[in-house]
Amino acid sequence: MPYKHGKEGMVHGRMRTSLRHVFSKRPQTLNLCPMIASEPVLLNDTNRKIIHIDMDAFFASIEQRDHPELRGRPVAVGHADSRGVVATASYEARAFGVKSAMPSARARMLCPDLVFIEGRMSVYKAVGEEVRGIFRRYTDLVEPVSIDEAYLDVTQNKLGLELGVEVAKRIKADIRRELHLVASAGVSYNKFLAKVASDWRKPDGLCTIHPLRARRFIEQLPVKAFWGVGPVTAEKFEKLGVKTGADLLKMPFSELVAQFGQAGVVYYKFARGIDDRPVQPAHERKSVGCETTYEVDLPDRAFVLEELGRLAQTLEERLRRSRFVGTTLTLKVRYYNFKTVTRSMTAAVPLTEKAAIMRAAAALLTDVDIPARGVRLLGLSVSSPVQQKDARQGELF
Ligand SMILES: [Mg+2]
């Protein structure tokens, strides 16, 4: 880094020299003790109030609600035929060992009286929307995970309620009273713990994990209950002698990373009750764009191209921040006389980077006349969203 000159620069220069002196000793320390050096320094934000809500036996409960003759009986939503699979089982059916994703034939063997119901997806979707409507009475920070599951950030909630558990109680009561359905809720200071808490006492559960009790809760947690630990990972942990959160806590950071790569970092954090992922409300965004009106009209193509470069930079940042991925670029050009033209193109791959956006924008501009009296507004936007499967998991690992 070049030193600045002048009075202020002198001060910076001295500070840098002294810092360099300090840093010069670091590599030796690193060499002596590489494992400790690689341990990350982590901050744990315990001030948030996060709720995870999971509807109990969602599809089956809706069927039992809408068909009183099914209440109290073992019900499976799914195809009864030999190649069918159970989508959701009622709690009466679960008592026989019937589970989601189980082949229907096996389910019928376990529970001969099982009643199969064809799913009514459009009904379930509509009810899911009603549930989300209830959430939004309390907060707009609602992140749906699936049709029957969501995270809510109620740190600041619309009713100004002090405790997360108070919000969770009210939501459960609203769902029961208005929709005649039952939900389980978990409350804690992050998503990982809120999710663990909602699974804790299903059905009709309400469990809070307080920051001061998080450590003890995690210690006794089976490692397979950790987020992202599927059967394969659980087996790998088993071989390493890791069965619980307490075992996981003993695993050095370097070993976790060596064994699990990036996921190891996540397990390391989870074991310490740390999960700083925000609750991300689902914007059903169709496009992301930016535009600028110029105080002085842009006189020619060269100016327009230069400004498009700036807009492409802004657009790249906005796309990244909103996690929007789309393939269509639209260029908007408004002339001095307010006449507006737009040109669009759709790329084979998502437009996420400035260079690609700029190439497409420049190509679109060749098809636009630039009048001698200039251009007063330019805009760029990306649309045609690409559905990213498991985008959230991808971000985690
Ligand atoms: Mg559920």
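**Close-ups of a predicted model**

**View 1. Ala89 and the residues around it.** Leaving aside residues up to four places away in sequence, Ala89 touches Ala57, Ala60, Ala76, Arg94, Val98, Lys99 and Ser100. Keep in mind that this is a predicted model. Ala89 sits in strand β3, which covers residues 86-89. Is Ala89 buried or exposed? Ala89 counts as buried because 27 other C-beta atoms lie within 10 Å, and the cut-off for that label is 20 or more. Phe116 is 27 residues away from Ala89 in sequence, with 9.3 Å between the two C-alpha atoms.

**View 2. The whole chain, for orientation.** The protein chain has 17 helices and 12 strands. Of its 397 residues, 30% are buried. If you take the contacts with a separation of 6 or more, 61% of them join residues 24 or more positions apart.

View 3. Mean pLDDT for the protein chain is 86, and 87% of the residues reach 70 or more. Residues 1-37 are another story, with pLDDT below 50 and 9 contacts beyond near neighbours in sequence. Over residues 389-397 pLDDT also stays under 50, and the model gives this stretch 6 contacts beyond four places in sequence.

**View 4. Two nonpolar cores.** Which residues touch the most other members of the largest nonpolar core? They are Ile51, Ala76, Phe135, Leu152, Ile171, Leu193 and Tyr267, out of 64 residues in that core. Ala76 also turns up among the residues that Ala89 touches.

**View 5. Zooming in on Leu193.** Leu193 is one of the residues with the most contacts to other members of the largest core. Not counting residues up to four places away in sequence, Leu193 touches Ser188, Ile209, Ala214 and Gly273.

**View 6. Helix α4 against helix α7.** The pair here is α4 (residues 58-66) and α7 (residues 121-135), whose axes come within 10 Å and cross at roughly 100°. The two helices are therefore roughly perpendicular to each other, since angles of 65 to 115 degrees get that description. On the α4 side the contact is made by Phe58, Phe59 and Ile62, and on the α7 side by Val123, Tyr124 and Val127. What kinds of residues make the contact of α4 with α7? It's 6 nonpolar residues, with no polar and no charged ones.

**View 7. A cis peptide bond at Pro203.** Going from Lys202 to Pro203, the peptide bond is cis, and its omega is near -10°. Pro203 lies in the loop that runs between α9 (191-200) and β8 (206-208).

**View 8. Positive phi at Arg323.** Arg323 isn't a glycine, yet its phi is positive, at about 55°. Look for Arg323 in the loop between α15 (301-322) and β10 (326-335). Arg323 counts as partly exposed because it has 14 C-beta neighbours inside 10 Å.

**View 9. Positive phi at Phe338.** Phe338 is a residue other than glycine with a positive phi, near 70°. Phe338 is placed in the loop between β10 and β11 (340-346). Is Phe338 buried or exposed? With 8 C-beta neighbours inside 10 Å, Phe338 counts as exposed, the cut-off being 12 or fewer.

How values were computed:
Residues numbered from 1 in each chain as written. Predicted model: local features only at pLDDT ≥ 70, side-chain atom pairs only at ≥ 80, totals over all residues. Helix = DSSP H or I, 4+ residues; strand = E, 2+ residues; numbered from the N terminus. Contact = placed C-beta atoms within 7 Å. pLDDT = per-residue confidence, 0-100. Core = buried A, V, L, I, M, F, W, Y, C linked by C-beta atoms within 7 Å. Axes fitted to C-alpha atoms, helices over the stretch in contact; angles between N-to-C directions. Parallel < 35°, antiparallel > 145°, perpendicular 65-115°, else oblique. Nonpolar A, V, L, I, M, F, W, Y, C, P; charged D, E, K, R; others polar.
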